[in-house]
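Hello,

Here is the structure for you to look through. My notes on it follow below.

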Amino acid sequence: MFKINNVNLIYDLKKESQTYALKGISLKLEKEKFYGILGPSGSGKSSLLYILSALKKPTSGEVYYHEQLLNNIGNEKLAQLRKQDFGFIFQKHFLINYLNILQNVLVPVNSSEVKYVNRAKTILNELGLSAHIYKKPYQLSGGQCQRVAIARALINHPKVIFADEITASLDHKSAKKAMKVIDKYRDGATLIVVTHDPSILKEADEIIHIWDGEVKDKKEIGD
Ligand SMILES: Nc1ncnc2c1ncn2[C@@H]1O[C@H](COP(=O)(O)OP(=O)(O)O)[C@@H](O)[C@H]1O
Ligand SMILES: [Mg+2]
């Protein structure tokens with residue numbers, strides 16, 4: 001589903017602040033699997049997620065989604081692809097403050113058809129938010145908003161779900177519950193979860209260890 005070949009990502013190229021975020025990364029990700037991307041802060045996890053989802057273009061190297069080379073696709077087409085195929089959950093939830101919780105979850109489908117409303121309510125219920133669906137985001141805690149963002153990413157049956165440090169604002173029990181709900185409602189979507197917390201990757205099919213911009217063998221980092 002994804003194939004990346006020898007990808008390098010350099011921020012602030014040729015400036016004093018130049019940072020080598022990703023160094024010669026090659027990976028293949030298969031569809032329907034759950035991948036964890038694990039590494040310490042600053043190791044390049046978010047950068048790798050941005051490369052896979054084409055939110056950033058690599059400085060060099062190729063990124064394929066299915067057979068399609070993403071490097072040279074125009075921004076409009078990329079935006080279309082992301083809207084159609086990808087679901088995103090970021091550490092910052094980006095909810096819309098003047099919409100209620102239910103309306104926020106329905107944003108990706110842009111519809112209040114009964115089938116979507118029912119799916120939204122079901123997922124919100126599983127995330128423990130059924131009492132809050134007509135409230136506005138500012139009436140909820142950070143952790144509750146994060147769970148709303150999870151429901152929003154699942155509403156439209158994406159083919160790939162990208163999740164970046166989504167459990168940072170959740171206590172351990174809610175984090176595990178949130179991971180269970182994502183796994184239950186992803187309906188065969190490829191799931192790519194970036195985290196520094198291995199305990200939420202118990203169900204992962206594969207864990208990619210990243211260290212200082214490089215993918216490491218488990219043995220190399222000695223755990
Ligand atoms: N927009 C940016 N501009 C410059 N440097 C950046 C930018 N984003 C990240 N970096 C640097 O790239 C490296 C990898 O960052 P990142 O991918 O965010 O790591 P992680 O998600 O694992 O914490 C770090 O050294 C970070 O400081
Ligand atoms: Mg990060």
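This is a predicted model: local features need pLDDT of at least 70, side-chain atom pairs count only at pLDDT 80 or more; totals for chains, interfaces and linings use all residues.

The lining of the second largest pocket has seven polar residues, five nonpolar ones and three charged ones. The space in the second largest pocket comes to about 180 Å³.

The largest pocket has a volume of about 350 Å³. Its lining is made of 16 residues, with Arg82, Lys83, Phe86, Gly87 and Pro108 nearest the centre. Helix 2 gives the most, with four residues. By class, the lining of the largest pocket divides into nine nonpolar, four polar and three charged residues.

Helix 5 also takes part in a helix crossing. Its axis and that of helix 4 (residues 114-126) come within 10 Å and cross at roughly 140 degrees. The crossing is right-handed. On the helix 4 side the contact is made by Arg119, Ile123 and Leu124, and on the helix 5 side by Val148, Ala151 and Leu154. Which classes do the residues of this contact divide into? Five are nonpolar, one is charged and none is polar.

Regards

Definitions and conventions: Residues are numbered from 1 along each chain as its sequence is written. Chains are lettered from A and ligands numbered from 1 in the order in which they are written. Side-chain values use heavy atoms; hydrogens and water are left out. On a 1 Å grid over the protein atoms alone, a cavity is a set of points where a 1.4 Å probe fits but cannot get out, and a pocket is an open set with protein on both sides within 12 Å along at least five of seven lines; lining residues have an atom within 4 Å of a point. Grid points are joined across faces, edges and corners, and a volume is the space filled by probe spheres set on the points. Helices (H or I, at least four residues) and strands (E, at least two) are DSSP runs, numbered from the N terminus. Ala, Val, Leu, Ile, Met, Phe, Trp, Tyr, Cys and Pro count as nonpolar, Asp, Glu, Lys and Arg as charged, and the others, Gly among them, as polar. Axes are lines fitted to C-alpha atoms, for helices over the stretch in contact, and angles run from 0 to 180 degrees between N-to-C directions. A crossing is left-handed if the near helix is turned anticlockwise from the far one by less than a right angle, and right-handed if clockwise. Contact means heavy atoms within 4.5 Å.
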